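Please look over the sequence and the structure shown here. A short report follows, with one topic under each heading.

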Amino acid sequence: MRRPKTMWHNYRIWLVVGYDLLAASTAWIVAWWLRYNLAIPDYSVDLLISSLLFVLAVELVAFKLSGLYRGVWLFASLPDLRRIAVALIFSALLIPVAMLFWRHGVGIPRSVYIINPLILCLLMAGGRLSYRAWKEYRIYGWLRTQGKPVLLMGITDEAISIFKQLERSPDWQVIGIVDNAAELKGREVHGIPVLGRRENLAAIAAHHGVKQVIYADREGGHHERRIAYELCRNAGLEMLVPPKMEDLISGRVQVSPLRQIELEDLLGRDAVNLDNAALHQLIHQQRILITGAGGSIGAELCRQILKFRPAHLICLELSEHALYQIEQEFSAHYPDTRLDFLIADVKDFERVLSLCEHYRPQLVFHAAAYKHVPLMEEKNILQAIKNNAIGTLNIARAAIQSEAQKFVLVSTDKAVNPTNVMGATKRLAELLVQQLQANSTKTALLAVRFGNVLGSNGSVIPKFRQQIAAGGPITVTHPDIIRYFMTIPEAAQLILQAGTMGRGGEIFVLDMGEPVKIADLAKDLIQLSGFDLADIPIIYTGLRPGEKLFEELLANNETTQQTSHPKVRACISQAEWSLTPAELNELINPSLDEKLIREKLMRAIQP
């Protein structure tokens, strides 16, 4: 059987060892030479030569034990310099002790022991760094004058990291930095000149022929990002940013130092800090059921849950196509997790109960719902009640009967003081969950309420993008209509965070930040697509049936209190509510006129 090759079978390692031995010999000789003022006396030459071989042997052992030959010269950096320092300190202490032990050091000047490691450090570190600089210049040096000229905005660790990546790219040439620190103008950071302040961006870019600006500051928040974007837009420049970390981790984008700025970067959503310890305790090695797993929120809940390694994830979805898509994604990325992908309709209680009793989930996240306001408003009222309210009741009852620990309903801000059928059915679902909690001792049932989600299926963003791709116009219902927005990952993360807090019966309200005018959203998207209002006009079509100018997060009889997480608040209701089975059945009586069902629904959710 052939023995596996080790690094010592690589001839390059022996070249490095040879260089280090040469450097060590030179350092030992030069140390003597300096000690005797550049003229070594004849009587010391024999001692120098006889001690040299002993010193080389000791230093070679120190180099090996310090892991000096694990590094690669082409990528010599601080860890390699630390290893050199450790090796030289080790050898500097070991050499005089060994010399005295073997009585070999009699007559060697003490200053030689001090001078030798200093010179050797310069030779070893300098050799490695010089080789890296020479090699990089040979490989990448010609690239530094190639590619499109680009400016960095701001002096951050992230910006400098991107500059180092772009040094090796034929596509970009970093011209300089713009930053508001006036004292830095004219100075250099990693060899990049600071050309001036941000307010002078247009003049600096025009002078250097720059069309793109890199903004890389994740810590700056959405407000700073918005200011930077406005500066670039007013100067007629394209703003580039690094890819989002969650997109790189999930594989949704390829590894690349830059991407174009997107609408999500400008909408006031800063990073969410999660209580990972609590989430780990909630999810790790648990059996978890997600309904509506193929939807935007359901699929993202699955992704976030899978990071914490559940024992078993059961994905329920009515749409075969959506179920197939997540099956392909999750099976490829999480081959070591037990996954089941099941077609089920939450309106079918027998099917839902059978699955819950078979899989015995410990946690249930209910994200299945009909959510399009206009579609539910007139001819689908009965189906909206059956799916959003009765479906919630079915899955909650199944969770209780299978003794799940927690049931979490994904709700919406449209359930607050609802003026449309979709919101009313979600409010009814919240109330039914709270009513069930009164008779549940083993299962904690709770709801999480939040607003619109950027980029979700059927939301305004994909619609606006389709309208822009078609050449316009963009249709907005009213110039003053406003909505709360959050990103899909943020919504899923905060739903899970609320799940760690619930003890039963609560409705949690997520911090949605500042509301955004839909018209402003459309204008931003037009500009980000490279157009202006002359190219893609906005037309106003009037409010749709059941649509509000603004959404609320609390009903008239509700207040909130702070929880352990700054972006999650607990909703407290001051009103009593109950609904009998007979009254509930009246809401789904197919013989009734839908207009009458709507009236009964609106009355049923009143306290």
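## Arg-226 and its partners

In this predicted model, Arg-226 is partly exposed, because its relative accessible area is 23%. The side chain of Arg-226 meets that of Asp-524 in a salt bridge, with 2.7 Å from N to O. This pair links distant parts of the chain: Arg-226 belongs to helix 7 and Asp-524 to helix 18 (residues 518-528), and the two are 298 residues apart. Asp-524 is buried, its relative accessible area being 7%.

Arg-226 also forms a salt bridge with Glu-230, and here the closest N and O atoms are 3.2 Å apart. Both residues sit in helix 7 (residues 221-234), and because they are four residues apart, about one helical turn separates them. An α-helix has 3.6 residues a turn, so residues three or four places apart point the same way. Glu-230 is partly exposed, with a relative accessible area of 21%.

## A second salt bridge, and the network

Which residue forms a salt bridge with Arg-303? The partner is Glu-329, and the closest N and O atoms of the pair are 2.7 Å apart. Arg-303 lies in helix 10 (residues 296-306) and Glu-329 in helix 11 (residues 320-333), so this bridge ties together parts that are 26 residues apart in sequence. Arg-303 counts as buried, at 17% relative accessibility, because the cut-off for buried is under 20%. Glu-329, with a relative accessible area of 24%, is partly exposed.

Salt bridges that share partners join Arg-226, Glu-230, Arg-233 and Asp-524 into one network. The count of salt bridges comes to 15. Side chains of opposite charge can pair when their charged atoms come close.

## Nonpolar cores

The largest nonpolar core has 50 residues, and those that touch the most other members are Phe-407, Leu-428, Leu-584 and Leu-587. Helix 14 (residues 381-401) gives the most to this core, supplying 11 residues. Apart from this core lies another, of 44 residues, which includes Phe-330, Leu-339, Val-448 and Met-486. In soluble globular proteins, nonpolar side chains tend to be buried together.

What does Leu-587 contact, leaving aside its neighbours within four places in sequence? Leu-587 is in contact with Leu-382, Ile-385, Leu-428, Leu-579, Ile-597, Lys-600, Leu-601 and Ala-604. One of these, Leu-428, is also among the residues that touch the most other members of the largest core.

## Helix 17

Is helix 17 mostly covered or mostly uncovered? Helix 17 is mostly covered, and 14 of its 14 residues are buried.

The length of helix 17 (residues 488-501) can be checked against its residue count. At 1.5 Å a residue, its 14 residues should span 20 Å, and the end C-alpha atoms are 21 Å apart, which agrees.

## The protein as a whole

The protein has 607 residues, and buried residues make up 49% of them. Its secondary structure comes to 20 helices and 22 strands. Among contacts between residues at least 6 apart in sequence, 75% join residues at least 24 apart. The pair of Arg-226 and Asp-524, 298 residues apart, links distant parts of the chain.

The protein exposes about 30,100 Å², and carbon and sulfur atoms supply 56% of this area.

Definitions and conventions. Residues numbered from 1 in each chain as written. Predicted model: local features only at pLDDT ≥ 70, side-chain atom pairs only at ≥ 80, totals over all residues. Heavy atoms only, no water. Expected span 1.5 Å × (residues − 1). Buried < 20%, exposed > 50% of the residue type's maximum accessible area, 1.4 Å probe, protein only. Core = buried A, V, L, I, M, F, W, Y, C linked by side-chain atoms within 4.5 Å. Contact = heavy atoms within 4.5 Å. Areas by Shrake-Rupley, 256 points an atom, 1.4 Å probe, with all protein chains shown as cover. Salt bridge = Lys/Arg side-chain N within 4 Å of Asp/Glu carboxyl O.
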